[in-house]
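Here is a short report on charge and packing in one protein model. Have the sequence and the 3D view open as you read.

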Amino acid sequence: MIIRKRLAAALCGALLVTVTGGLLPSAAFADSGDPAGRPAAKEPPKVELVLDVSGSMRARDIDGQSRMSAAKQAFNEVLDAVPEDVRLGIRTLGADYPGKDRKQGCKDTKQLYPVGELDRTEAKTAVATLVPTGWTPIGPALLGAADDLEGGNATRRIVLITDGEDTCAPLDPCEVAREIAAKGVDITIDTLGLVPNAKMRAQLMCIAEATGGTYTSVQHKEELSDRVSQLVDRAAEPVVTPVATQGAERCDDAPRLKAGLYADRESFGQHRWYRVDLLPGQELRASVSIAADRPVNRDHGVLLRASSLAGREIVRGEAAGDGRTDVVSTGLRYPKSETDGTDDADDTDGKPAAETVCLRVSNSFSAPASVRTSPGLPLELTIDVTGGPRDAGDAAFLGLGHGWWLLGLLTLAGFAAGVLWGWISRWRIAVWRTN
């Protein structure tokens, strides 16, 4: 009986897969760079561990050991577990200059082990020589680490391990992190604070948030080892990397975007323009997110507006926040019917003429007087161009567009599966009665 039930369930599942299998989008691998659907080749991910070796690392408050000893042991464990495809480097801060000259102490950062294929023995030997020495130049160390990771299209991550606040202001490390993010080089900075106080915690959280990274408070050696290993492993995971772009002040000068994920920066209260070409029978789907990577005033909003080259508004999406959210997002959809004409392209070669859609991103953020407004706020724009409905009005009907066909086929599949299950059940009962 159990075998028969499982067989019937399998038959129903097979029927459902057969009916719906052909509905999966064939464009899933359209941009993979390989006809067989394999992802395009990409450089190995790069990670640089930035270790604080300042004098305060002598403190013995991590499981009865000094902070430096705990960090060295954690590094040895991490180095043993680094994935083979990760290119790892190590940079130090405060490791060499023991004097009191602040100007000299704030230059005390160097690359201990270059970013590249890992020789575990050599890297461990380099870490073993470290002795807590000097200042805490976090800002200069982050700038140096960003330079170490330059070049190529690899995923890049900085992991900062420190036990104190930066001692080299006015080069504020939080502002440094924002400047790194504003360059569009796609570097994520994760921070780990060893036995942190409130002020140190706030600074490290600000550094991490500026680049989309994470902050972790560490009180024990095992926590340090586990967290650094997690972050190194995370760098090896496949991610979608936004393409750096720069919006214009008007549509005529805006960059022409295709389907993909894009990153930009937008100043407080600014408008940024982008362009997308849309053929008849296609549908534009766009969304935008703006992150508050610094303190902002309450009551702000984001507007995404699609218009024609002539300035006629087509559709808009808007969202508002109240100061308690880190990210405000909105989106829009614009289906272009196959029968639609166009005013901004000529059909001289027999091909359908494309319509240029102008996308304007606006924000109403404002900052307190004590907060710097430069660089602008991080902006992420997603563009997707899909097959649209036959009539532009179809997509507005409950927002389903061609989804009605899918809904109908799923309904028929469910009905057929129910009939099949009922027939099998009756047959099973008949056999049971006969026997």
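## A negative patch

Helix α8, residues 221–236, supplies the largest share of the negative patch: three residues. This is a predicted model.

Take Glu223 as an example. Glu223 is found in helix α8. Its relative accessibility is 35%, so Glu223 counts as partly exposed.

## The nonpolar core

Now look inside. The largest nonpolar core has 34 residues. Leu51, Ile161, Leu224 and Val232 have the most contacts inside it. Several elements each supply at least two residues of this core: strands β1 (46–52), β2 (87–93), β3 (109–116), β4 (156–162) and β5 (187–194), along with helices α2 (67–81), α4 (120–128) and α8. Helix α2 gives the most to this core, with seven residues.

Side chains of opposite charge can pair when their charged atoms come close. The structure holds 23 salt bridges. One of them joins the side chains of Arg67 and Asp163, at 2.7 Å from N to O. Arg67 lies in helix α2, and Asp163 lies in the loop between β4 and α6 (173–182), so the pair ties together parts that are 96 residues apart in sequence.

Are these two residues buried or exposed? Arg67 is buried, and Asp163 is buried as well.

Glu165 forms a salt bridge with Lys199, and their closest N and O atoms are 3.8 Å apart. Glu165 sits in the loop between β4 and α6, while Lys199 sits in helix α7 (residues 198–210), so this pair ties together parts that are 34 residues apart in sequence.

Check the accessibility of each partner. Glu165 has 26% relative accessibility and therefore counts as partly exposed. Lys199 has a relative accessible area of 61%, so Lys199 is exposed.

## Strand to loop, and a network

Arg265 forms a salt bridge with Asp293, with the closest N and O atoms 3.3 Å apart. Arg265 lies in strand β9 (residues 260–266) and Asp293 in the loop between β11 (282–291) and β12 (300–307), so the pair ties together parts that are 28 residues apart in sequence. Arg265 counts as buried because its relative accessibility is 11%. Asp293 is buried too, with a relative accessible area of 3%.

Some salt bridges share partners. They join Glu175, Arg178, Glu179 and Arg372 into one network.

Technical notes:
Residues are numbered from 1 along each chain as its sequence is written. This is a predicted model: local features need pLDDT of at least 70, side-chain atom pairs count only at pLDDT 80 or more; totals for chains, interfaces and linings use all residues. Side-chain values use heavy atoms; hydrogens and water are left out. Helices (H or I, at least four residues) and strands (E, at least two) are DSSP runs, numbered from the N terminus. Buried means under 20% relative accessible area, exposed over 50%, partly exposed in between (1.4 Å probe, protein chains only). A nonpolar core is a set of buried Ala, Val, Leu, Ile, Met, Phe, Trp, Tyr and Cys residues joined through side-chain atoms within 4.5 Å. A salt bridge is a side-chain nitrogen of Lys or Arg within 4 Å of a carboxyl oxygen of Asp or Glu.
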